[in-house]
Amino acid sequence: MISVAEALDHVFSLVAPLPSETVALRDALGRVLAATLNARLTQPPFPSAAMDGFAIAGDTAAPGATYRVVGESAAGHGFGGTVGAGDCVRIFTGAPLPDGTDRVIIQEDVARDGDRITLGDRLDTGHHVRAAGQDFRQGDAFQPRGALRPVDLALIAAMGHGQVTVTRRPEVAIIATGDELVAPGETPGPDQIVASNNLGLAAMIDRAGGRARLLPIARDTTASLDTAFELARGADMVVTIGGASVGDHDLVAQVAEGRGLERSFYKVAMRPGKPLMAGRLDGAPMLGLPGNPVSALVCGQVFVLPALRVLMGLPAAPAPRQTVPLGTDLPANGPREHYMRASLQDGRAHVADRQDSALLSVLAGADALVIRPPDDPPRGAGDTVEIIAL
Ligand SMILES: Nc1nc2c(c(=O)[nH]1)N[C@H]1C(S)=C(S)[C@@H](COP(=O)(O)OP(=O)(O)OC[C@H]3O[C@@H](n4cnc5c(N)ncnc54)[C@H](O)[C@@H]3O)O[C@H]1N2
Ligand code: MOO
């Protein structure tokens, strides 16, 4: 059995960023820029007012000074005339500063009488002018730090782009396997249960920026699995769930190998998730997850999402970890890296009593996975541990 870190390295060697495509900015949330983007515009494009008031030549400002109002500059409608000595222009936030002015006196500091204004006794010191290009200049490069966030989209729009070139959204085929499974919403027959973790995994993938394609549940037969793999053709990644262990009806590896799977590894020293397999099938990376609901979803966090991020154009990196103190005592860990379901309260990780990998309700009640290294000695409340936040 290989370690989680080795297995993840193998998974990373199976994936590479997908080709790019151009999409409307409106559809670019969560996508990853395929190349550095340069501003086509300068912002602000002209010196502009940061407050509502009167634009003057700043060196003339003094308590009691008077000016003649010769026009108005509003956002979208600048003042086209000339501002002479002793003149001012009524101005509003966002409006271009007229030539010959370099300061805005806020209207609270001004007394107006017809077309005359008099500055008050206590002027604030600000010029209330936004310099041209103070936010960004034409040609400035923008390299977001990750997948595009709402603020990134706003900036790119302001920079003058209506479309962006991003890495294509990965399509991930998900194959649940097992004679015992029925689709969500169906009533299980005798000896059956509802397939759940494939749905959870699909949601995980969609939320992370992929597009999950849930295939029909495959039965525990060579023919059914073969059909499922056939339907998965063309996907950017194939994920199977279940049938990964050593039982007589665990046929996924056998069928995948029959179709030419180039296997990278089988079995990882982790808990849950031990019977994980990975390789390349029909030209696509394939991950075979164990069927237990928690095992599948933990493998989703630890392997599927990091692989998905690489396909999306993000750097190859393990699931982000944080360090927090434990809120509970823990016995020594065994030889596998243990991902324990825990809830965070007052900044401490309280590890759930029941850690069976079949317990979806425990996972749903958790907001973190506490990671115990192999053979970790007993830990007490207050000791720090690494977690993956869920
Ligand atoms: N003799 C051994 N038995 C088992 C071993 C072992 O090393 N030796 N490993 C155990 C571990 S660890 C795991 S994890 C499981 C994984 O088994 P499979 O990947 O073959 O999964 P299945 O047998 O198909 O299913 C396990 C369990 O999960 C339920 N399941 C499967 N798919 C779904 C789904 N889509 N939604 C909800 N639940 C699902 C299935 O009904 C089973 O209850 O093997 C152990 N055995
Ligand atoms: O590794 Mo299994 O995934 O412990 O339940």
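I looked up the largest nonpolar core first: it has 86 residues, and I174, I175, L201, V239, V304, A307 and V370 touch the most other members. By "nonpolar core" I mean buried Ala, Val, Leu, Ile, Met, Phe, Trp, Tyr and Cys residues joined through C-beta atoms within 7 Å, where buried takes 20 or more other C-beta atoms within 10 Å of a residue's own, with C-beta atoms placed from the backbone. Helix α6 (residues 293–312) gives this core its largest share, 14 residues; helices here are DSSP runs of H or I, at least four residues, numbered from the N terminus.

I then checked a separate, second core, which has 17 residues, including A55, V89, I91 and L97.

Note on the source: this is a predicted model, where local features need pLDDT of at least 70 and side-chain atom pairs count only at pLDDT 80 or more, while totals for chains, interfaces and linings use all residues. Residues are numbered from 1 along each chain as its sequence is written, and chains are lettered from A and ligands numbered from 1 in the order in which they are written.

Next, domains, with bounds from an automatic or database assignment. I found domain 1 (4–18 + 168–312), domain 2 (20–43 + 135–167), domain 3 (48–130) and domain 4 (322–389). The centres of domain 2 and domain 4, taken over C-alpha atoms, are 39 Å apart.

Last, what surrounds ligand 2? I listed R271, P272, G273, K274, P290, N292, S295 and S357, counting a residue if its C-beta atom, placed from the backbone, lies within 6 Å.

Definitions and conventions: A residue is buried if 20 or more other C-beta atoms lie within 10 Å of its own, exposed if 12 or fewer, and partly exposed in between; C-beta atoms are placed from the backbone. Helices (H or I, at least four residues) and strands (E, at least two) are DSSP runs, numbered from the N terminus.
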